[in-house]
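Please prepare a briefing on the aromatic contacts of the structure shown here, with the criteria behind each term.

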Amino acid sequence: QLHLVESGGGLVQPGGSLTLSCVGSGLPLDNYAIAWFRQGPGKERERISCIDRSGDNTEYADSVKGRFTISRDNAKNTVYLQINSLNPADTAVYYCAAKPICRVVASDAWGQGTQVTVSS
């Protein structure tokens, strides 16, 4: 069974940057595409990015395109989300999820989430 753990969240000032990590254990992470989601206060969960098993193909929601970068290191069983130019609207709990491929809606595993708060 795949187990995912996110880290890297925190309090950051507007304009700042963070790198979130999603570490897998239990099964090889390169068996899965990995998506990042976020859920802000009072908002629905939003899928923001996805990376395929090899890391060759990535997808981004329009709301984050150009500011967020997803990448993976399969040797470390880790997927990263680099977040730049943060603004208060990015405040949310960020989750990673494992899927067979990016376009599949259902996820095989979810992490517990990491909180990102953007505030001055």
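Trp 110 counts as partly exposed, because its relative accessibility is 33%, where buried means under 20% relative accessible area, exposed over 50% and partly exposed in between, with a 1.4 Å probe and protein chains only. The model is predicted, so local features need pLDDT of at least 70 and side-chain atom pairs count only at pLDDT 80 or more, while totals for chains, interfaces and linings use all residues. Side-chain values use heavy atoms, without hydrogens and water, and residues are numbered from 1 along each chain as its sequence is written.

**Aromatic pairs**
- The whole structure holds 2 aromatic pairs, a pair being rings of Phe, Tyr or Trp (its six-membered ring) with centres within 6.5 Å, stacked if the planes are under 30 degrees apart, edge-to-face if over 60 and tilted for the rest.
- Phe 37 and Trp 110 form a tilted pair, with 4.7 Å centre to centre and 45 degrees between the planes.
- Because Phe 37 lies in strand E4 (residues 33-39) and Trp 110 in strand E10 (residues 109-110), this pair ties together parts 73 residues apart in sequence; strands are DSSP runs of at least two residues (E), numbered from the N terminus.
- Tyr 95 and Trp 110 pair edge-to-face, at 6.4 Å centre to centre and 80 degrees between the planes.

**Cluster and surroundings**
- Phe 37, Tyr 95 and Trp 110 form one aromatic cluster.
- Phe 37 counts as buried, at 8% relative accessibility.

Note on methods
Helices (H or I, at least four residues) and strands (E, at least two) are DSSP runs, numbered from the N terminus.
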